[in-house]
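Subject: A structure for you to look at

Hi there,

I am passing on a structure that I have been looking through. Please open it alongside this note.

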Amino acid sequence: MIRKGKSEDLYTLMEIVKETVKIMEEEENDQWNETYPNMEIFAADVQNSSLFVMEENGEIIGSITVDRNEPVEYGQISWRYFGPAYTFHRLVVNPFARKNGAASNLIRYAEKVAIENGIPYLRIDTYSLNVKAQRLFTKLGYQKAGEMSFHGKKLPFYCYEKRLEKKR
């Protein structure tokens, strides 16, 4: 089940983020660290009604933020489609709940939010060292649109996009 995130979810989400950061560090992927993402960012997502959490058996197993807030750096990308777009951020799944499609289901939920709001188009970025996210995006039909410098990282972030089909 996926639902709107609440303030009471944040401590659990931060624990999931901490475990995810450990795995990223083991994989030499520094996209996330002890300062990003943080409690304040997730609290703002709750305040903006853009945080969605996934529960399984009453336990939070992941989350995704879905909104129209694009980084200014997106302006340098040669997108295939122009006009309004949704994007998702901070996709995270509890390491113990991975390999069961949770991340794919959270992304599909983001796609549903975009379609329900009349904007059948999504953009996303991920760090070039985050090979798992790149594979997932490609598997779900996202196309690479370009690269950008972001968050002061040495290596580029890859940008992806997907035109969504409205369900009939």
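Predicted model: local features only at pLDDT ≥ 70, side-chain atom pairs only at ≥ 80, totals over all residues.

Residues are numbered from 1 along each chain as its sequence is written, and side-chain values use heavy atoms, with hydrogens and water left out.

Seven strands make an open sheet of mixed pairing, ordered S1-S2-S3-S4-S5-S7-S6. Strands (E, at least two residues) and helices (H or I, at least four) are DSSP runs, numbered from the N terminus, and two strands pair if DSSP finds at least two bridges between them. S1 (2–4) and S6 (143–148) each have a single partner strand, so one side of each is left without a neighbour in the sheet.

S2 (residues 51–56) and S3 (residues 59–67) run antiparallel, joined by six bridges. Methionine 54 is found opposite glycine 62 in S3.

Now to two of the helices. The axes of H3 (residues 102–116) and H4 come within 11 Å and cross at roughly 55 degrees; axes are lines fitted to C-alpha atoms, for helices over the stretch in contact, with angles running from 0 to 180 degrees between N-to-C directions. Ala103, Ser104 and Ile107 of H3 meet Leu136, Phe137 and Lys139 of H4, where contact means heavy atoms within 4.5 Å.

Best wishes
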